[in-house]
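Please look through the structure shown below before reading on.

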Amino acid sequence: MKFRPGSLLSFARYNASQVFSGKFIYFLLLSLAIFCIVVVVHTAQEEVPPNAATIYYFLLVPGTLLVFYPAAYSVQSEVDAGMLETLFGIPDYRYKVWLARQVVQQIIVALLLSMLAWLCQVALADFAISAMVFHLMFPLLFLGSVGFMLASTIRNGNGAAAVLVVVVLFAWIFGVEALQGSRWNLFHNPFEQAESYVVIVQQATTFHNRVYLLAGSVLATLGGLLRLQRRERFF
């Protein structure tokens, strides 16, 4: 079966509208507003221009916001729209629908982060946009997968959102204090400046951190898909 570019674009556009439940423009504007506020506040307080390590956190904030809603409300929105029964009736629905939406969601977030990274490169500091977006997508993919697993487990958007907020806060607190520089830090920043003699250690930490996040994303997604097999739990 061959895919035509027009049909593939229409498919991606439809799934994008479903991922954000028709509220994409609101999340885009909110993420842009938060991004601008964070940048303005930092530049007003700090005399030194931000570097790549600081910009990594600048972009992590709107990226997390863009992932948050579709991750937590992915199942709830289908229940509210009365579409869950239809999705359960599609053969291998969990692969054709939910995985497609996960992919579309990550692509949209990556494109938006690329745009924001380009703005940062022009206005703030010189860095590799592709490398920045590449590393940002690992924690965002993990959070999106965990949110999907929570949504399929709790079966309530508000409940999944509350738990996901707690997960993010704990990950941030432990990342800033206990897990700083550790391969287990969800928000590990590979752009932080390090002494020459610890660069190799930092590269190894980044590699293992990305492998763990990718493996965790796969396991969380599979866990969510397996929970969706038990359709009687959702009705």
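This is a predicted model: local features need pLDDT of at least 70, side-chain atom pairs count only at pLDDT 80 or more; totals for chains, interfaces and linings use all residues.

**Overall make-up**
- The protein chain has nine helices and zero strands, and its elements, read from the N terminus on, run α-α-α-α-α-α-α-α-α.
- Of the 235 residues in the protein chain, 44% count as buried.

**The helix pair**
- Helix H3, which covers residues 52–72, packs with helix H7, which covers residues 129–154, at an angle of about 25 degrees, and their axes lie 9 Å apart.
- Because angles under 35 degrees count as roughly parallel, H3 is described as roughly parallel to H7.

**The nonpolar surface patch**
- On the surface, a nonpolar patch is formed by Val165, Val166, Leu169, Phe170, Trp172, Ile173 and Phe174, which together have about 650 Å² of accessible area.
- Val166, one of the patch residues, is found in helix H8, which spans residues 157–176, and it counts as partly exposed because its relative accessibility is 40%.
- Val165 also belongs to the patch and has its place in helix H8; its relative accessibility is 36%, so Val165 counts as partly exposed.
- Although Val165 and Ala72 are 93 residues apart in sequence, their C-alpha atoms are 9.8 Å apart in space.

Key. Residues are numbered from 1 along each chain as its sequence is written. Side-chain values use heavy atoms; hydrogens and water are left out. Patches are made of residues with over 30% relative accessible area and no salt bridge: like charges are joined within 9 Å, nonpolar side chains (Val, Leu, Ile, Met, Phe, Trp, Tyr) within 5 Å. Accessible areas come from the Shrake-Rupley method with a 1.4 Å probe; for residues, only the protein chains shown count as cover. A salt bridge is a side-chain nitrogen of Lys or Arg within 4 Å of a carboxyl oxygen of Asp or Glu. Helices (H or I, at least four residues) and strands (E, at least two) are DSSP runs, numbered from the N terminus. Buried means under 20% relative accessible area, exposed over 50%, partly exposed in between (1.4 Å probe, protein chains only). Axes are lines fitted to C-alpha atoms, for helices over the stretch in contact, and angles run from 0 to 180 degrees between N-to-C directions. Angles under 35 degrees count as roughly parallel, over 145 as roughly antiparallel, 65 to 115 as roughly perpendicular and the rest as oblique.
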